[in-house]
Amino acid sequence: MLEVLSALDFTPFVLSFKLAGLTTLILFILFILCLPFAWWLSQTKSKSKPIFEAITALPLVLPPSVLGFYILVILSHNSPVGGFFDEYFGIKLVFNFSGLVIASCFYSLPFMVQPLQSGFTSINKNMLEASYIAGKSKTQTILRVALPNMKPAVMTAIIVSFAHTVGEFGVVLMLGGSIPGETKMASVAIYEMVEIMDYTNAHIYSAIMLLISFLVLLAVYIFNQKTRAIGQLR
Amino acid sequence: MIKISIKKELFGSQKEMMLDVDLEIQDGEFLALSGVSGSGKTTLLRILAGFEDAKGVISVDDEIWLDAKTTLPPQKRAIGFVFQDYALFNNMSVLQNLLYVKKDEDLASHLLDITELSELKHRHPNTLSGGQKQRVALCRAMMGEPKLLLMDEPLSALDSKMRTKLQSEILALHKEFETTIIMVSHDPSEIYRLASRVVVLEQGLIVNEGKPKDILLKTSGSQKFSFSGELLDIKKVDVIYVAIVAIGQQLVEVVITQDEAKNLTIGDTVELSTKAFTPMLSSTKQ
């Protein structure tokens with residue numbers, strides 16, 4: 001058993017977490033972008049709201065292969081976007097790690113926006129209005145009143161975005177292929193092991209993924225329970 | 001002086017109506033807004049606060065808050081607002097709630113002294129009772145030293161004892177800061193105690209206004225006691241009829257004649273009046 005474990009190649013895991021970490025980081029930067037967007041979705045009475053909500057939720061229902069295909073088309077050097085990056089920055093965006101990061105951001109967007117949106121929606125409107133009356137701008141109100149009162153939603157958004165990216169498969173396969181050390185994520189590695197009937201390693205990899213996913217989710221729910229308990233205690 | 005002359009179309013629960021209000025309020029006045037629910041009281045407050053737009057003019061002293069060209073946002077209007085549900089910032093302590101409005105520790109501790117909250121200043125809103133929360137909200141609204149304090153049924157969620165206590169505190173604050181106040185209220189005793197003028201709204205229009213005593217005391221002619229209530233039941237007892245009427249929280253029995261009984265339907269709003277030459281008044285305090 002030990003021999004098997006020591007012979008195990010952990011690069012796919014490192015890659016998976018690197019990707020998830022980077023994606024979450026970028027989504028967190030996007031968080032600052034997502035925040036006004038989620039805020040707008042929660043406050044607007046505009047008739048175009050369902051359209052934006054539908055677009056945001058698309059990655060949830062689209063087969064990852066379809067999403068991967070479109071991103072592949074857009075990022076390839078034959079398209080204006082991919083061509084632009086290739087020509088001016090010399091960056092190729094498909095079948096490498098940076099392409100995966102971009103694709104993951106699209107793929108995981110709903111997992112960032114939706115918890116934030118429902119967090120904003122759940123906040124007592126009068127509380128926000130009281131902040132406006134106190135002379136505070138929308139930005140100040142979001143940062144000092146809205147966000148601190150929806151910590152579980154913020155936590156959920158960040159952790160679930162991370163966990164979801166770790167577990168990504170279809171988009172990764174479509175966009176990254178399976179280049180060892182570059183785009184071969186844990187999920188893809190497991191797929192290949194099963195294909196070549198290397199069940200021992202498939203078991204080990206899968207068990208690790210299962211454990212990690214469970215621990216991440218457990219952490220989120222424990223955190224949420226604690227903040228709620230503190231909220232009641234106060 | 002505050003001049004209000006606004007129009008706004010409202011889509012109420014029953015039908016569309018026009019909120020059309022012309023009002024002048026003197027500095028330091030305590031105005032009560034009364035009327036059945038859906039008459040536009042809260043909307044009027046929200047327009048004054050700048051949460052909702054409307055056509056017309058609002059001017060405060062020589063400052064324009066609303067006219068055809070300008071709509072001052074809530075942030076720029078010197079107002080305080082007390083919500084029915086307190087709307088305290090749950091992530092901040094009592095003191096932080098006050099300081100969020102204005103970093104003025106002296107004013108904050110003074111306000112907390114008046115409302116007897118000093119000992120609770122480091123507590124969080126979730127640990128406070130309803131009455132305490134509303135006192136914090138009141139202090140918070142006064143922190144910006146507003147020209148106009150708006151209160152939307154501030155005491156309706158509290159029990160009568162707490163209500164009386166808060167009424168005295170509102171009066172004390174009003175006396176000290178001489179803030180102009182507009183308060184939405186349904187409670188005649190509250191209006192009588194606090195307000196110097198009452199405006200009654202119905203279907204978006206002002207239908208009555210004047211001193212609380214003139215508006216609220218509903219006696220006329222030689223009737224001395226007159227209560228409005230709901231007819232709950234009419235019972236025939238031998239040869240007489242007994243009507244059960246609900247007046248506020250209290251049920252009373254009244255003897256009526258057969259003719260009177262014929263003209264009444266259960267569920268009617270009825271006026272119960274009597275000539276009282278020597279009414280008895282005794283304290284029920286324990």
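Start with chain A and follow it along the sequence: the pattern reads α-α-α-α-α-α-α-α-α-α-α-α. This is a predicted model.

Chain A has 234 residues, and 33% of them are buried. Among contacts with a separation of 6 or more, 73% join residues 24 or more positions apart.

Next, bring in chain B and select where the chains touch. Here 17 residues of chain A are in contact with 19 residues of chain B. On the chain A side, select helix H7 (125–133) and helix H12 (199–233); these are the elements that give two or more residues. Which of the elements gives the most to this side? H7(A) does, with six residues. Colour the chain A side by residue class: seven are nonpolar, seven polar and three charged.

Move on to the core. The largest nonpolar core has 109 residues. Select those with the most contacts inside it: Leu116(A), then Leu33(B), Phe81(B), Ala137(B), Cys139(B), Leu150(B) and Met183(B). Highlight helix H6 (residues 97–122) of chain A, which gives the most to this core, with ten residues. Nonpolar side chains tend to be buried together in soluble globular proteins.

Which residues touch Cys139(B), leaving aside its neighbours within four places in sequence? Select Leu98(B), Leu111(B), Leu112(B), Thr115(B) and Leu117(B): each is in contact with Cys139(B).

Methods
Residues numbered from 1 in each chain as written. Chains lettered and ligands numbered in written order. Predicted model: local features only at pLDDT ≥ 70, side-chain atom pairs only at ≥ 80, totals over all residues. Core = buried A, V, L, I, M, F, W, Y, C linked by C-beta atoms within 7 Å. Buried ≥ 20, exposed ≤ 12 C-beta atoms within 10 Å, placed from the backbone. Helix = DSSP H or I, 4+ residues; strand = E, 2+ residues; numbered from the N terminus. Contact = placed C-beta atoms within 7 Å. Nonpolar A, V, L, I, M, F, W, Y, C, P; charged D, E, K, R; others polar.
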